[in-house]
Protein chains: 2
Amino acid sequence: MTVKTISIQENILNANDSLAAQIRTWLTENRVFAVNMMASPGAGKTSLIERTISGLSGKRRVAIINGDTTAASMDAERAQKVGALAIHVNTGGNCHLEAFMVRSALDALDLSGIDLLIVENVGNLVCPSGWDLGTHRRVLVASIPEGADKPYKYPSMYSGVSAVVINKVDLLPYVPFDMDYFRKGIEALNPNTAIFPLSCTTGEGVNAWLEWLERQMAFYAG
Amino acid sequence: MTVKTISIQENILNANDSLAAQIRTWLTENRVFAVNMMASPGAGKTSLIERTISGLSGKRRVAIINGDTTAASMDAERAQKVGALAIHVNTGGNCHLEAFMVRSALDALDLSGIDLLIVENVGNLVCPSGWDLGTHRRVLVASIPEGADKPYKYPSMYSGVSAVVINKVDLLPYVPFDMDYFRKGIEALNPNTAIFPLSCTTGEGVNAWLEWLERQMAFYAG
């Protein structure tokens, strides 16, 4: 007699994906373009979000869902300070956001008039990769001091991303970083990913990133 | 009638802790001092390991267990190149090492004559925190470009560590970093943690770290 096996992890992922699909449909119908922004701790997600909100100011309205493992809400406060609608999600120690957490945050946000929703995931280069959050695009934020080997060492995270931002290029004179090796690692995993070298400190390169976002918003948010 | 609840996670953690205690006893009996080295991706664990092996060369023998989420074994190879006994553990996507993985690695390593075992955990500031690996000390490697807010944002990882290395101090002229705020965040979680600002690029500050390791080894490895 064969024993029936219940794959709990598989069922959880299926439930997550089905909720994520509902969220994506709802966002599309409401003309909100949504991005799942993922990165290692300290790569500069929050700084990029600040630059993005300021850069789109007067043209587009932005909302932020900020995931953290604790009650520390300083990132959401930074986004709010520069003019975005922001909400903080405490994952209670969980190492990634899941679709149900985004769904709860959406219940608490009024997205009318919002063009761009950035979901700032937990700072982590392993756990967020398998979890669809119902966004239209996944974006990875890397940074020069992390080193150029990261696409090779964290391939699950670097796979399936629509754009990679490589932040802190102002540190290139002081840190060894082989940009060609980094690009090749990304291109081997995703032939069509857009790569944006930029600095949130100096502002260099930020416009190309904003233009990419604008093209996505023109399609999804009108 | 009350329903019986089985706490799978709790049982897994108990099994891990019991195996970790066995590993620690075995290492102590064999006069090997062991460190669980944890960090965000790109903080410089492998560079610190290279500096440590070179700095102890001729005085102490070092072995490395290098945890990665994939088959990419470049970190273990770097350690081997500078003279350490090294083994690579592929966690198969798992976001942290567990005691049974260290146990398997120890079965494959001949530790006779080894004074220091460094277990290089998966680059991650969330998941490794709850898992005792059977080492004597937990060390966290942070880096200047990550920002001074990390002890406040990842308190589970910064709790219970015996030492914090703050790497890449050569970048202090180019990156805003409030060392006092960083130190206060660590001290609020662990009043007795040793903090070592250093640069694996220039070598500045590395000696104080080596002296700390030497004091631990004098106690455990003789």
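**Exercise 1. The sheet of chain A**

In this predicted model, Met37(A) stands opposite Glu120(A) in β4(A). Determine how strand β1 of chain A is joined to strand β4 of chain A, and state in which order the strands of the sheet follow one another.

*Solution.* 

Step 1. Strand β1 (residues 33-39) of chain A and strand β4 (residues 116-120) of chain A run parallel and are joined by 5 bridges. In general, the strands of a sheet pair through backbone hydrogen bonds, in either a parallel or an antiparallel manner.

Step 2. The sheet of chain A is open and consists of 7 strands with parallel pairing, in the order β3-β2-β4-β1-β5-β6-β7.

Step 3. At the edges stand β3 (85-90) and β7 (194-197) of chain A; each has a single partner strand, so one side of each lacks a neighbour in the sheet. From one strand to the next, the twist averages 20 degrees.

Step 4. Helix α2 (residues 45-56) of chain A packs on this sheet. The strands touched by α2 of chain A are β1, β2 (62-68), β4, β5 (137-143) and β6 (163-167). The direction of α2(A) makes about 170 degrees with that of β4(A). Angles over 145 degrees count as roughly antiparallel.

**Exercise 2. Two helix partners of α2 in chain A**

Find how α2(A) is oriented towards helix α3 of chain A, and then towards helix α8 of chain A.

*Solution.* 

Step 1. The axes of α2(A) and helix α3 (residues 74-81) of chain A cross at roughly 15 degrees and come within 9 Å. An angle under 35 degrees counts as roughly parallel, and α2(A) is therefore roughly parallel to α3(A). The crossing of α2(A) and α3(A) is right-handed.

Step 2. On the side of α2(A), this contact involves Thr46(A), Ile49(A), Glu50(A) and Ile53(A). They meet Asp75(A), Arg78(A) and Ala79(A) in α3(A). The residues of this contact of α2(A) with α3(A) comprise 3 nonpolar, 1 polar and 3 charged.

Step 3. With helix α8 (residues 206-220) of chain A, α2(A) packs at an angle of about 70 degrees, the axes lying 10 Å apart. Because angles of 65 to 115 degrees count as roughly perpendicular, α2(A) is roughly perpendicular to α8(A). The crossing of α2(A) and α8(A) is likewise right-handed.

Step 4. Arg51(A), Thr52(A), Gly55(A) and Leu56(A) in α2(A) meet Val206(A), Leu210(A) and Leu213(A) in α8(A). The contact of α2(A) with α8(A) divides into 4 nonpolar, 2 polar and 1 charged residues.

**Exercise 3. The sheet and helices of chain B**

Identify the edge strands of the sheet of chain B, and describe the packing of α2(B) against α8(B).

*Solution.* 

Step 1. In chain B, 7 strands form an open sheet with parallel pairing, ordered β3-β2-β4-β1-β5-β6-β7. Its edge strands are β3 (85-90) and β7 (194-197) of chain B, each of which pairs on one side only.

Step 2. Strand β6 (residues 163-167) of chain B runs parallel to β7(B) and is joined to β7(B) by 4 bridges. Ile166(B) stands opposite Pro197(B) in β7(B). Helix α3 (residues 74-81) of chain B packs on the sheet and touches β2 (62-68), β3 and β4 (116-120) of chain B.

Step 3. Helix α2 (residues 45-56) of chain B packs against helix α8 (residues 206-220) of chain B at an angle of about 70 degrees, with the axes 10 Å apart. The two helices α2(B) and α8(B) are therefore roughly perpendicular to each other.

**Exercise 4. The relation between the two chains**

*Solution.*

Conventions:
Residues are numbered from 1 along each chain as its sequence is written. Chains are lettered from A and ligands numbered from 1 in the order in which they are written. This is a predicted model: local features need pLDDT of at least 70, side-chain atom pairs count only at pLDDT 80 or more; totals for chains, interfaces and linings use all residues. Axes are lines fitted to C-alpha atoms, for helices over the stretch in contact, and angles run from 0 to 180 degrees between N-to-C directions. Two strands pair if DSSP finds at least two bridges between them. Two residues are in contact if their C-beta atoms, placed from the backbone, lie within 7 Å. A crossing is left-handed if the near helix is turned anticlockwise from the far one by less than a right angle, and right-handed if clockwise. Ala, Val, Leu, Ile, Met, Phe, Trp, Tyr, Cys and Pro count as nonpolar, Asp, Glu, Lys and Arg as charged, and the others, Gly among them, as polar.
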